[in-house]
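Good morning, and thank you for coming.

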There are 2 protein chains.
Amino acid sequence: MIALTELPLSNYRQKYEQELFERVIPFWENYSPDRENGGYFNCLDRSGKAYDRKKYVWLQGRQTWMFAKLYSTVEPKAEWRNLALLGIDFLRNRAVNTDGRVYFCVSETGEPVYLQRKIFSECFYAMALAECGRISERPELLREAEEMLAKIWEWAFDWSKLGRPSFSGADVGQSLAVPMILLNLIDEIAGEGWARYRAEIDDCIRRVRLHCSAEERCVREFVAPDGSVIDTPEGRLLNPGHAIEAGWFLQHWAQRLQRPELSQLAIDMVHWSFELGWDYEYGGIYYFLDVGGFSPTQLEWFMKLWWVHCEALYAHLLNFSLTRDPADWDKFVRTDTYTFEHFSDPQYGEWYGYLDRRGSITHSLKGGPYKGCFHVPRALLLCWQLLQKLETET
Amino acid sequence: MIALTELPLSNYRQKYEQELFERVIPFWENYSPDRENGGYFNCLDRSGKAYDRKKYVWLQGRQTWMFAKLYSTVEPKAEWRNLALLGIDFLRNRAVNTDGRVYFCVSETGEPVYLQRKIFSECFYAMALAECGRISERPELLREAEEMLAKIWEWAFDWSKLGRPSFSGADVGQSLAVPMILLNLIDEIAGEGWARYRAEIDDCIRRVRLHCSAEERCVREFVAPDGSVIDTPEGRLLNPGHAIEAGWFLQHWAQRLQRPELSQLAIDMVHWSFELGWDYEYGGIYYFLDVGGFSPTQLEWFMKLWWVHCEALYAHLLNFSLTRDPADWDKFVRTDTYTFEHFSDPQYGEWYGYLDRRGSITHSLKGGPYKGCFHVPRALLLCWQLLQKLETET
């Protein structure tokens, strides 16, 4: 245990506040809105110039959610509400097909470009609907979010319903991504009314547990339906950032459900993944690893990605807020130091997304098909709020 | 012009011979055959141990072709013929579905794992059939190759026939990959009987030309059907290794068709792509670039891949054999030096596949879902044969 008064909490709180409100949010406020067609340009180069005018729907949904969340939890600024509604109206009008499926990518004007045989566009759309329902006089949005969640639940554990073929030789298993995103989604949609999703929550927790091995101290990305190990590159895959994010999603539920053993598992998931995932030679957290020690087959396994570090910042701070263990504080500080030194861009705002193993910037873009206004501001917001809470406890 | 006698041709010829027959082919002979189920293990770690027993069909077809080619052009060794037949029998029995589509991946015993909505598994299968038809008393294999080619041709320029949906907002265009692989495939299947494919050859040449811009000195990977530029990351994408490979495919046709202007274009494609693609700071050829100077969005754009360098070795040597320009010889030597220093593994044989920008090995694997017994031995064989030919001209 460490006394909070011994820690520079207010320095960190100020740093996160400044980064969020002076460098990150203004970047998206200034460069992303498409006031003509609605939605946002999310493929932005270092300085905010759009290098691709297509609109990637994961990021449209996530940015919509982010601005609505700022409005609902930080300050009811009209501009934030307007930006959220710019996103949600574009999404409702342009991103959903007649089957209720949500496109992965649409053109500048909202013509469909690509539909994935996955559930994630739908998840980020549903999050956006729910938060916009809360900040506007449009309760139908919250209802639509719940309807979307019902559809997602129906599809989530059988992607053949989305047109993905299943072949006799393919390993049957489940990906950590699915139960973890559903835990977050139920949290976002149901809020305090979560009790009506109790069965779904319990099922997702059960499924996340299948990926966790206390013996091996790791969280596998893909396991057999009974949790047993699949000895292939897919079954040996570790995605430390994912497991760390799943850890804090689970911790939120452990706190709400008041289940100490679940809280400990959530802490362990973060600890194991950080221990295995940290690069002790060059710093930062690897993107992928093979728990058997083989080369991962993903070309980008050794890269250091912004979102992985965003998740670790909040997960370590959350752990520390519960354990008061100086080792958790040290993990937060170690991650914070690496992250701000390598990803932040004081000159143009927002963060770089991609570094090589040694920490050199490989991509100057600030937004792309998988990076937008989401992980950086969400992590900064969550850390800033938690640092404020810790300060009040000193 | 440079006199051949001034060049250390025999040193290079010996080096390529040794690398091919002492370090590369033995690796695959020793570690890849699955004598029990047929086919080959193609996911092999540095020392040849299988880290995944699934069989990736691109590599099954390519390895089959490679051993048949060694048998037909180097020496009729029974072991090479047997290895080729081990591959083709597995493929014919296990890799083709009832529609004539060829799987992307099958299990160790040949159960289907994944089917791509692309034509490449079919292309590598057809190459393998044709070469096995030549080396065995099984003329039906050559007939099957021609039938497969007919199917591929029907699918090649409209992937909606393979179940790939087309959406109203997606840019219509064509990928360089398709006409270039077809040029190679017709060459492999028809051989001296190419005249009956004259219309298809001309159409592929016309299509490859659409990707080439003498003004910008570049070869774009994706262009509109009339060759005009699409100003998106997809339309600005350069894949120098691909363009260099397309260059030598085209050069083979230019020689056969005796068309000097086509030969010059093929030379230019290699020159432009090498000039744009070479990393003047750390050496090696980039995987992807954006011709507009933006960050490519592919995470692995800055990496140095073995196959890109394999293609460049042969393309430069082929150019030199035609131009006798010392600058082409220098490009061959520069590529050779980088390639052998970075990719070759004298200890265990075969080559590493993946380096970071600075040339450090990122993946210790020798075979994986996209790397097998193909680019290294094909390039070594082609260079060795051409060096022999040049030696005879001194």
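**A walk through a predicted pair of chains**

Glu17(A) has a relative accessibility of 29%, and therefore it counts as partly exposed.

As a general point, side chains of opposite charge can pair when their charged atoms come close. Where do Arg13(A) and Glu17(A) lie? Both belong to helix α1 of chain A, which covers residues 9–31, and they are four residues apart, about one turn of the helix. Is Arg13(A) buried or exposed? Its relative accessibility is 18%, and the cut-off for buried is under 20%, so Arg13(A) counts as buried.

Let us turn to chain B. There, the side chains of Arg13(B) and Glu17(B) meet in a salt bridge, at 3.6 Å from N to O. The two residues lie in helix α1 of chain B, residues 9–31, and are four residues apart, about one turn of the helix. Glu17(B) is partly exposed, because its relative accessible area is 29%. Salt bridges may also share partners: in chain A, Lys69(A), Glu131(A), Arg134(A) and Glu188(A) are joined in this way into one network.

A further pair is found in helix α7 of chain A, residues 198–210, where Arg207(A) and Asp203(A) are four residues apart, about one turn of the helix. They form a salt bridge, and their closest N and O atoms are 3.1 Å apart. Are these two residues buried or exposed? Both Arg207(A) and Asp203(A) are buried. Over all chains, the structure holds 78 salt bridges.

**Where the chains meet**

I now come to the interface. How many salt bridges are counted between chain A and chain B? The count is two. In one of them, the side chain of Lys54(A) meets that of Glu234(B), with N to O at 2.7 Å. Polar contacts also cross the interface of chain A and chain B, and 18 residue pairs are found in such contact.

On the side of chain A that touches chain B, strands β2 (50–52) and β5 (112–114) each supply at least two residues. The largest share, three residues, comes from β5(A). By residue type, this side of chain A divides into 21 nonpolar, eleven polar and eleven charged.

How much of each chain takes part? The contact draws 43 residues from chain A and 43 residues from chain B. The size of an interface is often given as the accessible area lost when the parts come together. Here, the area buried between chain A and chain B is about 3,500 Å², and carbon and sulfur atoms give 60% of it. In chain A, the residues that lose the most area to chain B are Tyr51(A), Phe167(A) and Leu299(A), together 19% of what that side buries.

**How the copies are related**

By what turn can chain A be laid on chain B? A turn of 180 degrees, with a shift of 0.0 Å along the axis, brings the chains together with an RMSD of 0.0 Å. The two copies are therefore related as by a two-fold rotation axis. In chain A, the C-alpha nearest that axis belongs to Glu300(A), at 3.0 Å from it. Moreover, 100% of the interface residues of chain A are also interface residues in chain B, so the copies meet through the same surface.

**Some individual residues**

Finally, a few details. Most residues other than glycine have a negative phi. Gln258(B), which is not a glycine, has a positive phi of about 55 degrees. Gln258(B) is found in the loop between α8 (240–257) and α9 (260–277) of chain B, and it counts as exposed because its relative accessibility is 69%.

Glu350(B) is also not a glycine and has a positive phi, of about 50 degrees. Its place is the loop between α11 (326–342) and β13 (354–355) of chain B. With a relative accessible area of 0%, Glu350(B) is buried.

Ser321(A) is buried, because its relative accessible area is 15%. Leaving aside residues up to four places away in sequence, Ser321(A) touches Leu386(A) and Leu390(A).

Thank you for your attention.

Notes
Residues are numbered from 1 along each chain as its sequence is written. Chains are lettered from A and ligands numbered from 1 in the order in which they are written. This is a predicted model: local features need pLDDT of at least 70, side-chain atom pairs count only at pLDDT 80 or more; totals for chains, interfaces and linings use all residues. Side-chain values use heavy atoms; hydrogens and water are left out. Contact means heavy atoms within 4.5 Å. Buried area is the accessible area (1.4 Å probe) that two parts lose on being put together, summed over both. A salt bridge is a side-chain nitrogen of Lys or Arg within 4 Å of a carboxyl oxygen of Asp or Glu. A polar contact is a pair of N or O atoms within 3.5 Å; within protein, one must be able to donate a hydrogen and the other to accept it, and residues adjacent in sequence count only if both atoms are side-chain atoms. Ala, Val, Leu, Ile, Met, Phe, Trp, Tyr, Cys and Pro count as nonpolar, Asp, Glu, Lys and Arg as charged, and the others, Gly among them, as polar. Buried means under 20% relative accessible area, exposed over 50%, partly exposed in between (1.4 Å probe, protein chains only). Copies are superposed by least squares on the C-alpha atoms of residues with pLDDT of at least 70 in both.
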